[in-house]
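Could you walk me through this model in my viewer, one selection at a time? I would like to know what to pick next and what is there.

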Amino acid sequence: MITGERTLKIVLVDDHAIVRQGLRSILEREDDITVIGEAATAAEARAVVERTRPDIVLLDLKLSTGSNTEGLDICSELTSRYPELGVLVLTTFLDDALVVEAIHRGARGYVIKDVDTTGLVSSIRAVARNESAFDSRSASAMVRSIRTAPEEPVLTSREQGVLELLARGLSNREIGSRLFISETTVKFHVRNIMRKIDASSRAEVVYEASKRGLI
(Lines give C-alpha, C1' and ligand atoms only; values in the text may rest on other atoms or scores of the structure.)
Protein backbone atom coordinates (compact mmCIF):
# COMPACT_ATOMS: atom_id res chain seq x y z
CA MET A 1 0.00 0.00 0.00
CA ILE A 2 1.44 3.38 -0.95
CA THR A 3 0.42 5.66 1.88
CA GLY A 4 -2.74 4.38 3.49
CA GLU A 5 -4.34 7.76 2.80
CA ARG A 6 -6.86 6.68 0.17
CA THR A 7 -7.95 3.92 -2.14
CA LEU A 8 -7.28 4.40 -5.86
CA LYS A 9 -10.46 4.01 -7.91
CA ILE A 10 -9.85 2.39 -11.29
CA VAL A 11 -11.96 1.99 -14.42
CA LEU A 12 -10.90 -0.65 -16.97
CA VAL A 13 -11.51 0.10 -20.66
CA ASP A 14 -10.79 -2.87 -22.93
CA ASP A 15 -12.95 -4.59 -25.53
CA HIS A 16 -12.07 -8.08 -24.28
CA ALA A 17 -14.02 -9.21 -21.22
CA ILE A 18 -11.42 -11.84 -20.32
CA VAL A 19 -8.71 -9.15 -20.21
CA ARG A 20 -10.84 -6.96 -17.95
CA GLN A 21 -11.55 -9.92 -15.67
CA GLY A 22 -7.87 -10.76 -15.42
CA LEU A 23 -6.91 -7.18 -14.67
CA ARG A 24 -9.60 -6.86 -12.02
CA SER A 25 -8.40 -10.06 -10.35
CA ILE A 26 -4.80 -8.84 -10.30
CA LEU A 27 -5.47 -5.28 -9.19
CA GLU A 28 -7.92 -6.06 -6.43
CA ARG A 29 -5.24 -8.03 -4.61
CA GLU A 30 -3.76 -4.63 -3.74
CA ASP A 31 -5.10 -3.03 -0.55
CA ASP A 32 -5.06 0.47 -2.02
CA ILE A 33 -6.66 -0.27 -5.41
CA THR A 34 -10.27 -1.00 -6.26
CA VAL A 35 -11.87 -1.47 -9.69
CA ILE A 36 -15.13 0.49 -9.72
CA GLY A 37 -16.14 0.09 -13.36
CA GLU A 38 -15.50 -1.51 -16.73
CA ALA A 39 -16.16 -0.57 -20.34
CA ALA A 40 -15.76 -2.33 -23.67
CA THR A 41 -16.47 0.61 -26.01
CA ALA A 42 -15.84 4.33 -26.17
CA ALA A 43 -19.51 5.03 -25.43
CA GLU A 44 -19.43 2.78 -22.38
CA ALA A 45 -16.19 4.43 -21.24
CA ARG A 46 -17.79 7.89 -21.37
CA ALA A 47 -20.78 6.68 -19.39
CA VAL A 48 -18.89 4.78 -16.69
CA VAL A 49 -16.39 7.59 -16.10
CA GLU A 50 -19.22 10.12 -15.83
CA ARG A 51 -21.05 7.87 -13.36
CA THR A 52 -18.15 6.71 -11.19
CA ARG A 53 -15.55 9.53 -11.44
CA PRO A 54 -12.48 7.29 -11.04
CA ASP A 55 -8.95 8.38 -10.21
CA ILE A 56 -7.42 6.40 -13.08
CA VAL A 57 -8.59 4.87 -16.34
CA LEU A 58 -6.65 1.89 -17.68
CA LEU A 59 -7.20 2.29 -21.43
CA ASP A 60 -6.58 0.02 -24.40
CA LEU A 61 -6.06 1.80 -27.72
CA LYS A 62 -8.12 -0.68 -29.72
CA LEU A 63 -11.77 -0.80 -28.64
CA SER A 64 -13.44 -2.30 -31.70
CA THR A 65 -12.77 -4.19 -34.91
CA GLY A 66 -12.31 -0.83 -36.64
CA SER A 67 -9.55 1.65 -35.91
CA ASN A 68 -6.53 0.42 -34.00
CA THR A 69 -6.28 3.80 -32.28
CA GLU A 70 -9.87 4.46 -31.24
CA GLY A 71 -8.62 4.73 -27.67
CA LEU A 72 -6.66 7.88 -28.55
CA ASP A 73 -9.88 9.75 -29.24
CA ILE A 74 -11.50 8.73 -25.97
CA CYS A 75 -8.26 9.58 -24.16
CA SER A 76 -8.45 13.14 -25.51
CA GLU A 77 -12.10 13.43 -24.61
CA LEU A 78 -11.77 12.12 -21.06
CA THR A 79 -8.68 14.11 -20.13
CA SER A 80 -10.23 17.29 -21.52
CA ARG A 81 -13.48 16.78 -19.65
CA TYR A 82 -11.88 15.55 -16.41
CA PRO A 83 -8.49 17.28 -15.98
CA GLU A 84 -7.73 15.47 -12.71
CA LEU A 85 -8.28 12.04 -14.29
CA GLY A 86 -5.17 9.95 -14.84
CA VAL A 87 -5.17 7.86 -18.03
CA LEU A 88 -2.71 4.99 -18.31
CA VAL A 89 -2.59 3.36 -21.74
CA LEU A 90 -2.31 -0.44 -21.50
CA THR A 91 -2.09 -1.91 -24.98
CA THR A 92 -0.44 -4.41 -27.29
CA PHE A 93 0.71 -1.68 -29.70
CA LEU A 94 4.28 -0.41 -29.42
CA ASP A 95 5.03 2.35 -31.90
CA ASP A 96 7.08 5.50 -31.29
CA ALA A 97 4.43 7.73 -32.85
CA LEU A 98 1.62 6.12 -30.86
CA VAL A 99 3.46 6.57 -27.57
CA VAL A 100 4.06 10.26 -28.27
CA GLU A 101 0.53 10.78 -29.58
CA ALA A 102 -0.99 9.16 -26.49
CA ILE A 103 0.90 11.61 -24.27
CA HIS A 104 -0.16 14.47 -26.54
CA ARG A 105 -3.77 13.32 -26.08
CA GLY A 106 -3.45 13.56 -22.30
CA ALA A 107 -2.28 10.11 -21.14
CA ARG A 108 0.12 10.12 -18.20
CA GLY A 109 1.71 6.81 -19.13
CA TYR A 110 2.00 4.01 -21.68
CA VAL A 111 2.55 0.36 -20.79
CA ILE A 112 2.58 -2.78 -22.96
CA LYS A 113 0.17 -5.55 -21.94
CA ASP A 114 2.83 -8.15 -21.20
CA VAL A 115 4.14 -6.00 -18.32
CA ASP A 116 4.41 -7.96 -15.08
CA THR A 117 2.05 -7.32 -12.17
CA THR A 118 4.62 -5.36 -10.17
CA GLY A 119 5.34 -3.08 -13.12
CA LEU A 120 1.66 -2.47 -13.81
CA VAL A 121 0.85 -1.65 -10.19
CA SER A 122 3.89 0.64 -9.97
CA SER A 123 2.74 2.44 -13.12
CA ILE A 124 -0.76 2.93 -11.70
CA ARG A 125 0.64 4.38 -8.50
CA ALA A 126 2.98 6.67 -10.46
CA VAL A 127 0.01 8.01 -12.44
CA ALA A 128 -1.86 8.54 -9.17
CA ARG A 129 1.06 10.73 -8.02
CA ASN A 130 0.74 12.72 -11.26
CA GLU A 131 4.03 11.26 -12.50
CA SER A 132 4.69 9.77 -15.92
CA ALA A 133 4.65 5.99 -16.24
CA PHE A 134 6.34 4.00 -19.00
CA ASP A 135 7.59 0.45 -19.24
CA SER A 136 11.14 0.02 -20.57
CA ARG A 137 10.11 -0.28 -24.23
CA SER A 138 7.69 2.65 -24.33
CA ALA A 139 10.24 4.74 -22.38
CA SER A 140 12.82 3.94 -25.06
CA ALA A 141 10.33 5.00 -27.73
CA MET A 142 9.79 8.30 -25.93
CA VAL A 143 13.52 8.94 -25.55
CA ARG A 144 14.06 8.21 -29.26
CA SER A 145 11.40 10.79 -30.06
CA ILE A 146 12.98 13.34 -27.73
CA ARG A 147 16.36 12.93 -29.44
CA THR A 148 15.04 13.74 -32.92
CA ALA A 149 15.07 17.14 -34.62
CA PRO A 150 17.38 18.96 -32.20
CA GLU A 151 16.87 22.69 -31.74
CA GLU A 152 18.61 25.37 -29.70
CA PRO A 153 18.25 24.34 -26.03
CA VAL A 154 16.45 26.63 -23.60
CA LEU A 155 17.19 24.67 -20.41
CA THR A 156 20.19 24.70 -18.09
CA SER A 157 22.46 21.67 -18.14
CA ARG A 158 20.98 20.51 -14.83
CA GLU A 159 17.42 20.89 -16.14
CA GLN A 160 18.34 18.92 -19.25
CA GLY A 161 19.67 16.11 -17.04
CA VAL A 162 16.45 16.11 -15.00
CA LEU A 163 14.39 16.11 -18.20
CA GLU A 164 16.09 13.06 -19.67
CA LEU A 165 15.58 11.05 -16.48
CA LEU A 166 11.99 12.25 -16.25
CA ALA A 167 11.44 11.03 -19.81
CA ARG A 168 12.58 7.56 -18.69
CA GLY A 169 9.79 7.51 -16.12
CA LEU A 170 11.92 8.03 -12.99
CA SER A 171 10.31 9.51 -9.88
CA ASN A 172 11.62 12.68 -8.23
CA ARG A 173 13.36 10.57 -5.61
CA GLU A 174 15.03 8.37 -8.23
CA ILE A 175 16.14 11.40 -10.25
CA GLY A 176 17.61 12.95 -7.12
CA SER A 177 19.51 9.75 -6.37
CA ARG A 178 20.95 9.60 -9.90
CA LEU A 179 22.00 13.26 -9.90
CA PHE A 180 23.06 13.42 -6.23
CA ILE A 181 20.59 16.21 -5.41
CA SER A 182 17.65 16.33 -2.98
CA GLU A 183 14.09 15.45 -3.95
CA THR A 184 13.12 19.06 -3.14
CA THR A 185 15.72 20.31 -5.61
CA VAL A 186 14.40 17.94 -8.27
CA LYS A 187 10.88 19.31 -7.74
CA PHE A 188 12.26 22.83 -8.17
CA HIS A 189 13.90 21.88 -11.48
CA VAL A 190 10.78 20.07 -12.71
CA ARG A 191 8.65 23.15 -11.97
CA ASN A 192 11.11 25.33 -13.87
CA ILE A 193 11.08 22.96 -16.84
CA MET A 194 7.27 22.91 -16.87
CA ARG A 195 7.17 26.71 -16.75
CA LYS A 196 9.75 27.16 -19.51
CA ILE A 197 8.02 24.87 -21.99
CA ASP A 198 4.47 25.68 -20.87
CA ALA A 199 3.48 22.18 -19.74
CA SER A 200 0.99 21.28 -17.02
CA SER A 201 2.05 17.69 -16.25
CA ARG A 202 5.17 15.53 -16.30
CA ALA A 203 3.89 13.57 -19.28
CA GLU A 204 3.19 16.78 -21.20
CA VAL A 205 6.73 17.96 -20.38
CA VAL A 206 8.09 14.89 -22.15
CA TYR A 207 5.81 15.40 -25.15
CA GLU A 208 6.65 19.09 -25.52
CA ALA A 209 10.35 18.39 -25.09
CA SER A 210 10.15 15.81 -27.88
CA LYS A 211 8.66 18.38 -30.23
CA ARG A 212 11.24 21.04 -29.36
CA GLY A 213 14.29 18.76 -29.38
CA LEU A 214 15.37 19.80 -25.91
CA ILE A 215 17.41 16.64 -25.29
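Keep in mind that the model is predicted.

Select Asp60, where UniProt, in an unreviewed entry, places the feature "modified residue: 4-aspartylphosphate". You will find Asp60 in the loop between β3 (56-59) and α3 (70-81). Its relative accessible area is 4%, so Asp60 counts as buried. Now show its contacts: leaving aside residues up to four places away in sequence, Asp60 touches Val13, Asp14, Asp15, Gly71, Leu90, Thr91, Thr92 and Lys113.

**Stop two: the cavity.** Searching the whole structure turns up one cavity of 30 Å³ or more. The largest cavity has a volume of about 40 Å³. To see its lining, select Leu12, Val13, Asp14, Arg20, Leu23, Leu58, Leu59, Asp60, Leu90 and Lys113. Colour by element and you can pick out β1 (8-13), α1 (17-27) and β3, each supplying at least two lining residues. Colour by class instead and the lining splits into six nonpolar and four charged residues, with no polar ones.

**Stop three: the pocket.** Next, select Pro83, Glu84, Leu85, Gly106 and Arg108, which lie nearest the centre of the largest pocket, among its 24 lining residues. α4 (96-104) and α10 (202-212) are the elements that give two or more residues to this lining, and the largest share, four residues, comes from α10. The largest pocket holds about 460 Å³ of space. By class, its lining has 11 nonpolar, six polar and seven charged residues.

Note on methods: Residues numbered from 1 in each chain as written. Predicted model: local features only at pLDDT ≥ 70, side-chain atom pairs only at ≥ 80, totals over all residues. Heavy atoms only, no water. UniProt positions renumbered as here; feature names shortened; annotations may be inferred. Buried < 20%, exposed > 50% of the residue type's maximum accessible area, 1.4 Å probe, protein only. Contact = heavy atoms within 4.5 Å. 1 Å grid on protein atoms, 1.4 Å probe; cavity = no way out; pocket = protein on both sides within 12 Å on 5 of 7 lines; lining within 4 Å. Points joined across faces, edges and corners; volume = space filled by probe spheres on them. Nonpolar A, V, L, I, M, F, W, Y, C, P; charged D, E, K, R; others polar.
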